[in-house]
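Please keep the 3D view open as you read.

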Amino acid sequence: MNRRAFLHTSVLAAATLPTAAQAATSGSNLNPANDPAASVWGSGDLRKLGAWDIHSHVGTPGPTPAKRMEVLIKIADRVGVERLCICMSPPWQYEPTPEQFRRSNDDVLAILKEWSSRAFGLVYLNATHLQASLDELERCVNDGPMIGIKLWVGTRANAASLDPIVRRASELKALILQHTWIKQRGKGNLPHESTPMELAELSGRHPGVPIVCGHTGGGDWALGIRAIRARPDLYADLGGGDPVSGEVEMAVRELGANRVLYGSDVHGRSFGSQLGRVLGADISDADKRLILRENLRGLLLPALRRKGLTG
Amino acid sequence: MERRLFFASAAAVAASGLSSVAAPAAAAAVGLIDTNVTLNQWPIRQSWAPTPAALVQRLKRHGVTRAWTGTFEGVLHTDMAGANTRLAETCQREGGGILEPIGSVNPTFPDWEDDIRRCQEVHRMRGLRLYPNYQGYALDDERFVRLLKIATDRRLFIQIALSIEDDRSQNPALTALPVQAGPLVEVLPKVPGARLLLLNGGSRVLGGNIDLLQRLSAAGVMFDLATLEGVAGIENLLRRVPGIRVTFGSHSPYFYFESALLKLQESVLSPTELEAVRSGNAQALLSA
């Protein structure tokens, strides 16, 4: 899709589709019989906010990528998630070949044709295939509608091969989401699976370039938060792990609420379980607004403006 | 609706004195039973509830009318009788009328049978919670089978915590792999009438081998939703394993309570299904 067509589609879609915030506050959802979690939303202001999700995968069933997205959007609407950053269409490959990541990205592009009012695309790359990744970045972000990059477990985040990708991402204002996890204190990680500590090394080589620390180390988030604390360009993605009490409070305390992002990691995770950790955290509603929506919106604005959008 | 779910729901509705036609209202009237709450702090985490009062206050705010409450002391302490006494006293003194104590028993300890006796006869507990992976036995262990028989003879239900935390991120000094539920398929026919609720089944059980899940469900095992994940997870589980009985469980305060409640909002459930998850299946476990 070229830029003009993308913008046209976005405007049309935005004009015709209800937002999740509208859906979440519609009459049917406010019926107590259909609203079993009303108490979670407190005053209701947060429910009207419309959360933006940094981390989602379209794994719902359907005959086409767009139909799969339609199913996912219906579920997102139930819990007030308005926008989703999507990436890595299934089947998921740990170390994709260029052909494989291009095919995965084709699915995301197909989704964006119909759902650009609700979804932002992150191009899936594998720096092991550096030139092919840079070419794909051009195809999907510079020449296409995507606004960010997803890096998974194909290359360790501290690898030098990532440097050209980060530099080009910075030029394109594309937001990078790098998966991280700490399994058995790092001993259980996949061969090329990154830790937040490795991502901190990468960030140190690229000051001023915002990067999202996917999962913030996962279940060992307390280590992950420590690892990225001194790198002001790293943002904590809360999604993908169990909703263990204390994570959000620690992230806000150590990083500041403006460096913390709601993410779900659906399809594998539940929107509800991941939203619940933010809504249930002992932090102010103002901080929840930042985490659920405003921080991500701010991070995406440079890329959106580059494409002539305001978000 | 599947036959098993219908009977479970019907039994619960009958027990509550409400007709099935009134199911939506019944959800509010019967309330919300949280089958997976635990007192005290897990050693490596600071939970959202520093005191029982804080726990009760938040549970009530979200409409919980009953909370089946164990104690983390029951995982690692050796003086299980002391842990159960403190649990019972705390629930009585500070439980706000909603915390119901669920005692712990470790069948590898000497004279563990007396812990069961005290739980029922002294503390008037209706159920027991087990932590096999932290206590060094599997579910095909003869001691477990004997425990299940004794509990069943006493009409106590059993909760088995298949996990407490993600085993990928445990402190190296406190590791325990999740409990394997598979042996229950062979064990349960040996203990007719056993009432079993598996907690924290997670992706390995609830999202894993569907054949095992179906066999456990067919044997009457129930599951809580605290670690049930995936988009529209409850709805998908009920469609994937027709007849499966799921109870509301939050794994509070180790988990944020709100995560469990939002799962109800994320799934489209019929009024009868919603009532069964909120309280009906838990009621059925008590009355079976």
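Chain B of this predicted model has a secondary structure of 14 helices and nine strands. Of its 288 residues, 53% are buried. Contacts in chain B can also be viewed by sequence separation: taking those with a separation of 6 or more, 78% join residues 24 or more positions apart.

Let's zoom in on one residue, Leu237(B), which sits in helix α12 of chain B, spanning residues 233-240. Is Leu237(B) buried or exposed? Leu237(B) is buried, because 20 other C-beta atoms lie within 10 Å and the cut-off for being buried is 20 or more. Leaving aside residues up to four places away in sequence, Leu237(B) touches Leu206(B), Leu228(B), Ile244(B) and Val246(B). As for Leu206(B), 31 residues separate it from Leu237(B) along the chain, yet their C-alpha atoms are 7.6 Å apart.

Now for the largest nonpolar core, which has 173 residues. Ile149(A), Ile176(A), Ala236(A), Leu261(A) and Leu198(B) are the members that touch the most others. Helix α13 of chain A (residues 285-306) supplies the largest share of this core, with seven residues. In soluble globular proteins, nonpolar side chains tend to be buried together.

Apart from residues up to four places away in sequence, its contacts include Ile54(A), Val212(A), Ala236(A) and Asn295(A).

| Helix | Chain | Residues |
|---|---|---|
| α12 | chain B | residues 233-240 |
| α13 | chain A | residues 285-306 |

Note on methods:
Residues are numbered from 1 along each chain as its sequence is written. Chains are lettered from A and ligands numbered from 1 in the order in which they are written. This is a predicted model: local features need pLDDT of at least 70, side-chain atom pairs count only at pLDDT 80 or more; totals for chains, interfaces and linings use all residues. Helices (H or I, at least four residues) and strands (E, at least two) are DSSP runs, numbered from the N terminus. A residue is buried if 20 or more other C-beta atoms lie within 10 Å of its own, exposed if 12 or fewer, and partly exposed in between; C-beta atoms are placed from the backbone. Two residues are in contact if their C-beta atoms, placed from the backbone, lie within 7 Å. A nonpolar core is a set of buried Ala, Val, Leu, Ile, Met, Phe, Trp, Tyr and Cys residues joined through C-beta atoms within 7 Å.
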